[in-house]
Amino acid sequence: MDTSRLFSLEGRTALITGGSRGIGKMIAAGFVAQGARVYISARKAPACFETAEELGPNCVALPGDVSTVEGCEALTAAYLEREPSLDILVNNAGSAWGAPFEEFPESGWDKVMTLNVKSPFFLTQKLHGALKAAASAGRPAKVINIGSIDGIRLNPWETYSYQASKAAIHQLTKRMAARLIEDHINVNAIAPGAFASEMNRAARDHADEVAKAIPAGRVGEAEDMAGAAIFLASRAGDYVAGDILVVDGGVVNAALGTSIDAG
């Protein structure tokens, strides 16, 4: 058994939505470091090009808005102008919304559910042919959906559509995995905990305070997220399908509950 290239992504292509910042950028940097040619997409073109330049010649900017099916089709067309197949798709683009129950708006519901659930499904559907073209029994193509621990357990905030959407993408991951494994495409999800990002400003701006509630004693670092994604994307993860990989420093699975003294 040769494990020297178990985590290598040499010769593989990847497309990451929401790849200009936050978790998407962490994953993009990790994939580039492992030898992949990485395409990053984001709605804001300047940020997309800036990140691609920062990550080097093996990172290519493909600005686009995947919040509509037409946008998913346009991103697919832009990618296929450059590559005949796709080894790894990371559905990372997402949004959040918080408001009191009595005031929660339809716009906040629809925006979050569309970008966090509908878009990953339809972008994967549009890129199905490209993924199949890269896939084989010996080297499956990969789809990695970015969920959240907020789709597994409650957070203290009134983020109704966000929590519902992340629970939905976890279940959608399993349903897609059951179908696409027939085409040698492995679908999995990562459920991150606290990572510093624009979406998680608490972890970004108050890391020490947030860390007090995390069994590992710290918020997530870029290497933590990159490592999880590299595992799923590489040969190391070829026998994993339909899984939700929790990357949260123990919040979900290693935190002690409150004991109740029955007296």
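1. Let's start with Glu 73, which counts as partly exposed because its relative accessibility is 40%. Here, buried means under 20% relative accessible area, exposed means over 50%, and partly exposed lies in between (1.4 Å probe, protein chains only). A word on the basis: this is a predicted model, where local features need pLDDT of at least 70 and side-chain atom pairs count only at pLDDT 80 or more, while totals for chains, interfaces and linings use all residues. Residues are numbered from 1 along each chain as its sequence is written, and side-chain values use heavy atoms, with hydrogens and water left out.

2. What does the side chain of Glu 73 meet in a salt bridge? The partner is Lys 126, at 3.6 Å from N to O; a salt bridge is a side-chain nitrogen of Lys or Arg within 4 Å of a carboxyl oxygen of Asp or Glu. This pair links distant parts of the chain, with Glu 73 in helix α3 (residues 69-80) and Lys 126 in helix α4 (residues 106-126), 53 residues apart. Helices (H or I, at least four residues) and strands (E, at least two) are DSSP runs, numbered from the N terminus. Lys 126 is partly exposed too, at 29% relative accessibility.

3. Arg 179 deserves a look, as its side chain meets Glu 182 at 3.4 Å (N to O) and Asp 183 at 2.9 Å (N to O), both in salt bridges. Arg 179 is partly exposed at 35% relative accessibility, Glu 182 is exposed at 54%, and Asp 183 is buried at 18%.

4. Elsewhere, Lys 142, Arg 235 and Asp 238 are linked in a network of salt bridges. A search of the whole structure finds 11 salt bridges.

5. Helix α9 (residues 222-233) has 12 residues and should span 16 Å at 1.5 Å a residue, which agrees with the 16 Å between its end C-alpha atoms. The expected span is 1.5 Å times one less than the number of residues. Its buried residues include Met 225, Ala 229 and Leu 232. The buried residues of α9 pack against α1 (22-33), β4 (88-91), β5 (141-146), β6 (185-192) and β7 (244-247), where contact means heavy atoms within 4.5 Å.

6. Finally, the surface: Phe 101, Trp 109 and Tyr 160 form a nonpolar patch with about 330 Å² of accessible area together. Patches are made of residues with over 30% relative accessible area and no salt bridge, with like charges joined within 9 Å and nonpolar side chains (Val, Leu, Ile, Met, Phe, Trp, Tyr) within 5 Å. Accessible areas come from the Shrake-Rupley method with a 1.4 Å probe, and for residues only the protein chains shown count as cover. Phe 101 sits in the loop between β4 and α4 and is exposed, with a relative accessible area of 59%.
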